[in-house]
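Please read the following report alongside the sequence and the coordinates.

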Amino acid sequence: MKVSERLMVIMAVAGVAVMGTGTAAADPQRGVRPDKVVLGSHTDLSGPLAIWGAPATNGARLRIEEANAAGGVHGRKIEFLVEDTAYQVPQAVRATNKLVSRDGIFAMLLGAGTSQSLASMEITDKAGIPSLFPLTGARSMAEPLHPLHFTYFVSYYDQAAGGLKYFRKTQDVQTVCLQTHASDYGEEITRGVTDAARELGMKLLMVGTHKPTETDFAGAATAIKNAGCDLAYLGTTTKDTIALHTTLRKLGFKGTTVGNMVSYVPIVAQAGGMDGYYAVTPAMILDPKDGEPVKKRFFDAYRAKYNEAPSLQSQVGYVSADLAIKAMEAAGRDLTVQRLTAALEAVRNYRDHFGGTTISFGPDKHFGGDSLLLMQVKGADWAMVQDNLPY
Amino acid sequence: MRVLFKTSYDQDIDLLVLPGERMRVGALIALAILAPLLLSSYYLSELAIFFSFALAGIGLMVLTGFSGQVSFGHAAFVGIGAYVHAVLVARGVPFPLALAAAGLLAGGVGAALGRAVSAMHGFYLAIATLAFSIVMETVIGAMEPVTGGHMGMPVPGIALFGVALEEAWQQHYLYLAVLLFFVWGVANLMRAPTGRAMIAVRDSETSARSLGIDVRSAKMTAFFVSALIAGVAGGLLAHQLQYLSPETFGVGMSLKLMLMIVVGGLGSISGAIFGAVFVSFLPNAIDALRALMPDGLVSQAGLESFIFGAFIAAFIIFEPDGLHGRWRKLRLFLETYPYYKRATFIRQKRYLKTGRFR
């Protein structure tokens, strides 16, 4: 009796104390202090997506340090807190909890992974924290429209649509085969290809899936060849793109092979036998030697800081941070979430100077890219085939 | 050594025999009850994840620690529990019913698996459970209409009897209550005939059989109870993750659970709790340590996994009994000083050579 009474009192006190702290911490704006603004990121620095997470974080950090060296945004230095999730959802949730409750971030920048970002957004949405430019091309990052969600990429779904539309027009492709991952990434692409094929009146002859870790594609390639389609869409990553494309060519497959931005990396172009492979992408790998000072400056600064050449992912990180900084500048000295999102929605025809497409946002368009690029492997290098590819 | 004078028959059924033990466990529970007063909501959410993992660890402890059946696929049961719970709650089933259903379904699948692998030992059992978990991950990914496939599904919030539990401290008490209930339940189970039969099967199947124990049904029961607890843990974990995807419940989580009970100490409930503390809070400790490390090391990707691995290797080499074993030795050392002898803890396992059917 006595014990349970005491327990009740303790619990009541605990409840009051917790609720008390909850209301007392009513800042003018979470994460914005007179001298600094705090941005957070849950990303993959040590897991399977580290090839995206690490360079993107480096690129963003480079841009943020430039901004801080130039005096910050409206006199506020930007603090960029990065948590490693190793591409695991539980880690992403813990990282987000830490960034939101302990560090009190103003916005989440460049979260890595689809499920990881969706889990993280469940928390940030409740706290009213914007989620900016996650490192995934999933449609769910910007659709359905949410006032706090912004993404840089045109989705994998629309990338597939853009690619198929182009080849329908230029090569009169009638039949399509799809080979992709048995994962969220693969499901997204399958939906994109299926819908685009139906809309364009093309026949989707087969959909093959494999595990991301698979290395042997003789079976999958034979199935594609036997299906006899005009175009094979590869919803793959790096290694499996190379293996699939080369196996298909060895088997004598004559059709076109197309992939998306994930396979748009130098390694794919440099692998032997990749000539003729297409990739649809919303951003372009910069060429530091083409004379434009912006590109060279970024290239040299990145190389000096991190001791390696920047990749497409570094550019994405740099551009994302640049967009966030531009939006914070436009939002003015009284930085609030509403002002930031309004400033982002006002971005029109932003050019990244690295050769990507223009970026525009609007009240009902929360993904950046206005169009796509079609690239093709020519002699161990990527060459542009079509600028301003619609989707 | 302390000699216990028993003054009543009731004392024979005490779960905690020594007064010191009672003090320590009581203090721990009191601390857990007071936690919302002392911690911010961030640490409370960390604690909730810790409770979920501790519960899953207790589930695996029943199977591996008490019944001697190794499982490298326990994350599959956590996953089944998480998905069943999330799907049911999303369709409007009340929280307690959904959690019970999650546990029972995971338990049922566990019992079926237990029946299938009841004649397997060692490597074969390890591989069978591992394969089961990989198959389960694929099945969850393929059941798109129900589970959202690889895209995953969001988990609705907790509502208990019509009251939404949104604050971290409310969830804290709910999770604590479920964890304590299962700790109490497993402690009782382990001294009941069912639990004794499991321990007998672990120590020697030959002896167990000659004592009239149905080895197969003992194993099936162990799988059922173990998977049930893991399923409930999954249901709790789902609310903390807020978003489920099949990859979450892959081999990585199975290994984490296994490491948890090995580092904590096989064969004791406190081992599972110790292990969960270790696995859950080591990343935070490493994070805090980063401030003291040289610059070159701090930015090194994969530092965390390296330290993690180093700890586990050190445990397996120097303290196979885990944290719980170390704690028992330390206590005995203090209690019997200066007469402590190492030989006390060397386990006599003469029967092992004859006790094999493999």
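Does K6(B) count as buried or exposed? With 10 C-beta neighbours inside 10 Å, K6(B) counts as exposed, where a residue is called exposed if 12 or fewer other C-beta atoms lie within 10 Å of its own, buried if 20 or more do, and partly exposed in between, the C-beta atoms being placed from the backbone. K6(B) is found in the segment before α1 of chain B, and, leaving aside its neighbours within four places in sequence, K6(B) is in contact with Q11(B) and D12(B); contact means that the C-beta atoms of two residues, placed from the backbone, lie within 7 Å.

This is a predicted model, in which local features need pLDDT of at least 70 and side-chain atom pairs count only at pLDDT 80 or more, while totals for chains, interfaces and linings use all residues. Residues are numbered from 1 along each chain as its sequence is written, and chains are lettered from A and ligands numbered from 1 in the order in which they are written.

**Chain A**

An automatic or database assignment gives the domain bounds, and it divides chain A into domain 1 (36-154 + 290-360) and domain 2 (156-281 + 374-389). The centres of these two domains of chain A, taken over C-alpha atoms, are separated by 29 Å. Their contact takes eight residues from domain 1 of chain A and 10 residues from domain 2 of chain A.

In chain A, five strands form an open sheet with parallel pairing, in the order β2-β1-β3-β4-β5; strands (E, at least two residues) and helices (H or I, at least four) are DSSP runs numbered from the N terminus, and two strands pair if DSSP finds at least two bridges between them. Because β2 (77-84) and β5 of chain A stand at the edges with a single partner strand each, one side of each is left without a neighbour in the sheet. Within this sheet, β3(A) and β4 (residues 131-132) of chain A run parallel and are joined by two bridges, and L109(A) has L132(A) in β4(A) as its bridge partner.

An antiparallel pair is formed by β11 (residues 372-377) and β12 (residues 382-389) of chain A, over five bridges. V377(A) stands opposite W382(A) in β12(A), and in the hairpin of these strands, which has four residues between them, G379(A) takes a positive phi near 55°.

Helix α12 (residues 337-345) of chain A has L340(A), T341(A) and L344(A) as its buried residues. They lie on the same side of α12(A) because they cover an arc of only 90° around the axis, the arc being that of the directions from the helix axis to the C-beta atoms. Their cover includes β3 (107-109), β5 (149-150) and α11 (312-331) of chain A.

| Span of chain B | Helix and strand | Distance between end C-alpha atoms |
|---|---|---|
| residues 47-66 | 100% helix, 0% strand | 26 Å |
| residues 123-143 | 95% helix, 0% strand | 30 Å |

Between the chains, 30 residues of chain B are in contact with 30 residues of chain A. On the side of chain B that touches chain A, α1 (19-38), α2 (41-66), α10 (215-241) and α14 (303-318) of chain B each supply at least two residues, and the largest share, five residues, comes from α2(B).
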